[in-house]
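Visitor: I'd like to walk through a protein model and ask how you know what you say about it. Could you show me the sequence and the structure?

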Amino acid sequence: ETWLAFAAASAVLLVIPGPTILLVVSYALGQGWRTALPMAIGVALGDFTAMGLSLLGLGALLAASATAFTLFKWAGAAYLVYLGIKLWRAGGTLDAKPRTDAVSSMKMLAHAWLVTALNPKGLTFFMAFLPQFIDTKAALAPQLGIFATTFLVLAFANSFIYALIASRARNIVSNPRAIGVINKVGGSLLIGAGVATVG
């Protein structure tokens, strides 16, 4: 049940447009479907980097003090609610301009990795999001391994699909109503994840 909840939450949250998705869409709008694979690999590697740092921090925190971890979890829940409200109130625009600069697949991959891995909001989000699904009474390593693998597979698939949609159905990613619905669904999920922890 916990894994299903994590997978569902991750899938919806990944769809929410952020700096990484804007980059993926920009390349896809300008250079077509060939950008999908290198961008998706770059995003997955970037998420792996950010998540790895988060997991190391969470593991050290839990090992140091279960009470400190619980307090951190509550702070994370409050942050998720804040993000959810902010996202719910966001508009429906996706400001992604086509990138027409000719770059190799490796450069696209590296660009996606850098933008994803070095985004401080992503690192903060992982630190707030992951604790909501961790059972402190069970072994930590298997849980983190399963959650990390699940998230990375979903992140790869999400980026790949976004690139394909942007290259083939440009009207969808430029539709304010569609983006607005995505933001509201994602915002509701963030608020729900935060409230569920406190409840």
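Guide: Let's start with residues 71–88 of this predicted model: that span is 100% helix and 0% strand. The C-alpha atoms at its ends lie 26 Å apart.

Visitor: And how much of residues 41–65 is helix, and how much strand?

Guide: There the values are 96% helix and 0% strand, with 36 Å between the end C-alpha atoms.

Visitor: How many helices and strands does the protein have?

Guide: It has 9 helices and 0 strands, so a run counts as a helix here once it has at least four residues in the DSSP assignment. Along the sequence you read α-α-α-α-α-α-α-α-α.

Visitor: Now for single residues. Why is N158 called buried?

Guide: Buried means under 20% relative accessible area. N158 has 11%, so it is buried. You'll find N158 in helix α7, residues 140–168. Not counting residues up to four places away in sequence, N158 touches L14, V15 and I21.

Visitor: How do you know that those count as contacts?

Guide: Contact means heavy atoms within 4.5 Å, and L14, V15 and I21 are the residues listed for N158.

Visitor: What makes T49 partly exposed?

Guide: The label covers whatever falls between under 20% (buried) and over 50% (exposed). T49 has a relative accessible area of 27%, so it is partly exposed. T49 is in helix α3, residues 36–64, and leaving aside neighbours within four places in sequence, it is in contact with W113 and A117.

Visitor: How far is T49 from A148?

Guide: Their C-alpha atoms are separated by 11 Å, and they are 99 residues apart along the chain.

Visitor: And what share of the 199 residues is buried?

Guide: Buried residues make up 43% of them.

Methods: Residues numbered from 1 in each chain as written. Predicted model: local features only at pLDDT ≥ 70, side-chain atom pairs only at ≥ 80, totals over all residues. Heavy atoms only, no water. Helix = DSSP H or I, 4+ residues; strand = E, 2+ residues; numbered from the N terminus. Buried < 20%, exposed > 50% of the residue type's maximum accessible area, 1.4 Å probe, protein only.
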